[in-house]
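Please examine the structure shown below and follow the explanation with the model in view. It begins with a pair of residues and widens from there.

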Amino acid sequence: MNLKKNVYIVNFFTAIIPILIISMVTYFIFSEKLEELEEEKFEFISQTIEKHLDEKISNSLEMLIYLEGVYKNEDNYLMDIHNGGGDKERTDHMLHHMGKLSTLENTVKFIAYGTAEKEMFFDENAGDQHLPSDYDPTVRPWYVGALNSSGYYLSEVFRHAGTKEPIITISKKIEIDGKETGVLTALLDLSVISKTLSEYKIGENGSFFIVDKNNKMLIGSDGDKEKFSYIDDMDLDSLKTHEFEKNTPEGTIIYHIYKLKNLDAALIGVVYEKELHAPLYKLKNIVLLILFIVIVIISVILFIFGKFFDKSLDRLSYIVNSISNGNYTKNIDKLTDMIGEKSELKIIKEAIKNMNYEIVKREVELKYISETDPLTDICNRRAIISFIEIEIQRAKNFESEYTIIMFDLDKFKRLNDKFGHLFGDEVLREVCKIVSNNIKDTDKFGRYGGEEFLIILPDTAFSEGIEVAERLRKKIEGMTWKNDVVVTVSMGVIRNMKADTLDLSLERVDNLLYKAKNNGRNRIEYQKI
């Protein structure tokens with residue numbers, strides 16, 4: 001990159017970075033606040049719906065409390081009858097009020113009364129319930145639950161056998177002088193609040209629906225059933241968060257779970273992410289638009305400003321580029337004339353003088369590091385493989401010969417385990433020295449991996465290659481080590497073939513190496529001609 005571009009970039013980013021930081025900070029502050037508001041909106045609507053449900057339950061309970069008072073003659077209607085009337089008079093008087101009360105609350109389908117004598121009475125809105133002749137209200141859950149409750153009993157949500165609508169019962173026992181005479185119960189149809197649910201939504205297509213403890217939808221529209229189908233196999237109770245996302249073919253949907261306190265059910269709010277985060281997207285677009293306008297303005301200013309010093313920058317860029325291409329002497333003199341002794345850019349001149357030496361030095365060092373095994377100081381795997389590939393191609397082009405030797409130190413792992421890895425490293429280094437000192441300078445020797453090594457002998461007949469391998473095997477076997485250790489190697493030797501590739505060559509020589517190990521080790525196996 002030339003100096004002119006550097007100057008432009010520095011000026012550009014000097015101007016744009018503060019604006020970019022301010023824009024990002026502004027975006028993140030407002031986006032965080034918007035996300036909080038979105039979550040609060042979910043929570044607020046959920047609480048509002050729950051409050052509506054609680055009001056329905058509370059209204060139904062107040063009806064039962066009122067009917068209890070009627071039964072107990074708290075309105076003094078039965079004062080003319082001895083002791084305020086008997087059970088029949090009390091019941092008849094209460095039934096008279098039941099029908100009128102159930103019409104006051106649309107959630108209540110009907111009110112019923114079960115007596116301790118196993119009689120069952122319904123208000124006029126209940127219709128024919130088709131109860132069997134042996135129906136015993138005293139064993140029903142709503143009756144037993146009320147008897148065991150100090151105040152009132154609220155059942156779990158269930159579906160009505162006939163209408164299949166979600167139903168709950170609220171029950172309250174009646175006592176006269178400490179004696180239980182029966183239980184009042186109201187049947188509440190929760191499906192009537194579906195209209196209330198439809199009034200609350202987030203975004204264009206967001207909605208709320210209710211599921212029971214078994215993760216079955218109780219109240220919701222057809223559209224809600226489709227959105228619920230993506231999570232109907234999830235265990236919602238085990239979730240550690242009340243809000244999560246789900247990727248669907250229609251887009252990412254955000255689910256908000258709110259546990260209803262008085263019902264064993266959950267209120268689930270759903271909305272598409274793109275609709276929920278629409279304000280965020282709008283804010284992001286505004287920020288991006290502002291940044292774009294600022295970038296255009298700054299670019300225009302820099303372009304105009306650059307015209308005043310383009311000529312000098314172009315000349316300086318030309319000189320620096322020429323120096324970077326290796327044309328030092330003349331161009332350094334030009335740079336000296338252009339850059340005065342008091343100029344801030346004079347350091348460039350001194351730096352360039354040292355550049356050539358440093359580049360050459362580092363290239364040599366990098367080449368050595370990239371091609372040398374650090375432990376044995378011979379070619380590493382990549383380098384020796386590269387030499388073999390070159391030799392394979394050279395043999396195909398010029399019909400030359402070469403030999404490949406692969407050898408492996410016998411039982412090296414046992415030696416490592418017995419005498420330690422430091423001794424094992426010493427063995428590897430010394431073996432490599434012996435091999436390096438007993439092959440030609442044109443031969444290439446490298447570590448293939450672990451204790452496996454490769455030797456490529458260019459322009460070497462196969463018979464000569466076998467002799468080299470045998471000489472090296474004997475040299476290694478004859479080495480002396482502490483603790484009377486004997487180190488031997490197994491070898492595989494192959495010659496070049498016309499159809500050879502790198503993989504085929506390595507496979508053939510590797511198979512011969514393992515044949516040598518399987519045939520007793522400390523031996524050579526070579527390709528039969």
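This is a predicted model: local features need pLDDT of at least 70, side-chain atom pairs count only at pLDDT 80 or more; totals for chains, interfaces and linings use all residues.

In general, the strands of a sheet pair through backbone hydrogen bonds, and the pairing may be parallel or antiparallel.

S7 and S11 belong to an open sheet of 5 strands, arranged in the order S8-S7-S11-S10-S9 with antiparallel pairing. Strands S8 (217–219) and S9 (243–248) stand at the edges of this sheet; each has a single partner strand, so one side of each is left without a neighbour in the sheet. From one strand to the next, the twist averages 35°.

Attention may now turn to a helix. Helix H11 comprises 18 residues, 381–398, and at 1.5 Å a residue it should span 26 Å; the C-alpha atoms at its ends are 26 Å apart, which agrees with that expectation. Buried residues in H11 are Ala383, Ile384, Ile385, Ile388, Glu391, Ile392 and Ala395. Just after H11, Glu399 takes a positive phi of about 55°.

These elements may finally be placed within the protein chain, which contains 15 helices and 16 strands. Of its 529 residues, 43% are buried. Among contacts in the chain with a separation of 6 or more, 59% are accounted for by residues 24 or more positions apart. The chain exposes about 30700 Å², and carbon and sulfur atoms supply 54% of that area.

Methods
Residues are numbered from 1 along each chain as its sequence is written. Side-chain values use heavy atoms; hydrogens and water are left out. Helices (H or I, at least four residues) and strands (E, at least two) are DSSP runs, numbered from the N terminus. The expected span of a helix is 1.5 Å times one less than its number of residues. Buried means under 20% relative accessible area, exposed over 50%, partly exposed in between (1.4 Å probe, protein chains only). Two strands pair if DSSP finds at least two bridges between them. Axes are lines fitted to C-alpha atoms, for helices over the stretch in contact, and angles run from 0 to 180 degrees between N-to-C directions. Contact means heavy atoms within 4.5 Å. Accessible areas come from the Shrake-Rupley method with a 1.4 Å probe; for residues, only the protein chains shown count as cover.
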